[in-house]
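Let us take a walk through a protein model together. Please have the sequence and the 3D view ready as you read.

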Amino acid sequence: MSKGKDARVRVILECTSCRNGVNKVSRGISRHITQKNRHNTPNRLELRKFCPYCYKHTIHGEIKK
């Protein structure tokens, strides 16, 4: 079976404030896994998600696998 070019791909979203070190008291980096349609959203995905390390809703950006 060939892999093919599926429209739906799995992406990993990572908290931008934890990654950049804005919040110095955070113990780690929050990551969420979701899917996106490659044809409708060719650019990197950014969503507001809850970060358990920052204790608030922050921007989570798509990272490279």
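A word on the ground rules comes first. This is a predicted model, in which local features need pLDDT of at least 70 and side-chain atom pairs count only at pLDDT 80 or more, while totals for chains, interfaces and linings use all residues. Residues are numbered from 1 along each chain as its sequence is written, and side-chain values use heavy atoms, with hydrogens and water left out. The pLDDT is the predictor's confidence in each residue, on a scale from 0 to 100. For the protein chain its mean is 85, and 85% of the residues reach 70 or more. Confidence is highest in β3, at 94, and lowest in helix α1 (residues 16-20), where the mean is 80.

Now for the overall plan. The protein chain has one helix and four strands, and along the sequence they follow the pattern β-α-β-β-β. These elements are DSSP runs numbered from the N terminus: helices are H or I with at least four residues, strands are E with at least two. Of the 65 residues in the chain, 29% are buried; buried means under 20% relative accessible area, exposed means over 50%, and partly exposed is in between (1.4 Å probe, protein chains only). The accessible surface comes to about 5200 Å², with 49% of it belonging to carbon and sulfur atoms; such areas come from the Shrake-Rupley method with a 1.4 Å probe, and for residues only the protein chains shown count as cover.

Two strands are said to pair if DSSP finds at least two bridges between them. Strand β1 (residues 8-15) and β2 are joined by seven bridges; in one part of β2, N37 is the bridge partner of R8. Strand β3 (residues 46-51) is linked to β4 (residues 56-63) by six bridges, and here F50 has H57 in β4 as its bridge partner.

The hairpin of β3 and β4 has four residues between the strands. Y55 lies in this loop and has a positive phi near 60°, although it is a residue other than glycine. Most residues other than glycine have a negative phi. Y55 counts as exposed because its relative accessibility is 60%.

Is E14 buried or exposed? This residue of strand β1 is buried, because its relative accessible area is 5%. Leaving aside residues up to four places away in sequence, E14 touches R19, I29, S30, R31, I59, H60, G61 and I63, where a contact means heavy atoms within 4.5 Å.

Finally, look at the cysteines C18 and C54. Both are buried, C18 with a relative accessible area of 8% and C54 with 9%. A disulfide is a pair of cysteine sulfur atoms within 2.5 Å, and a search of the whole structure finds zero disulfides.
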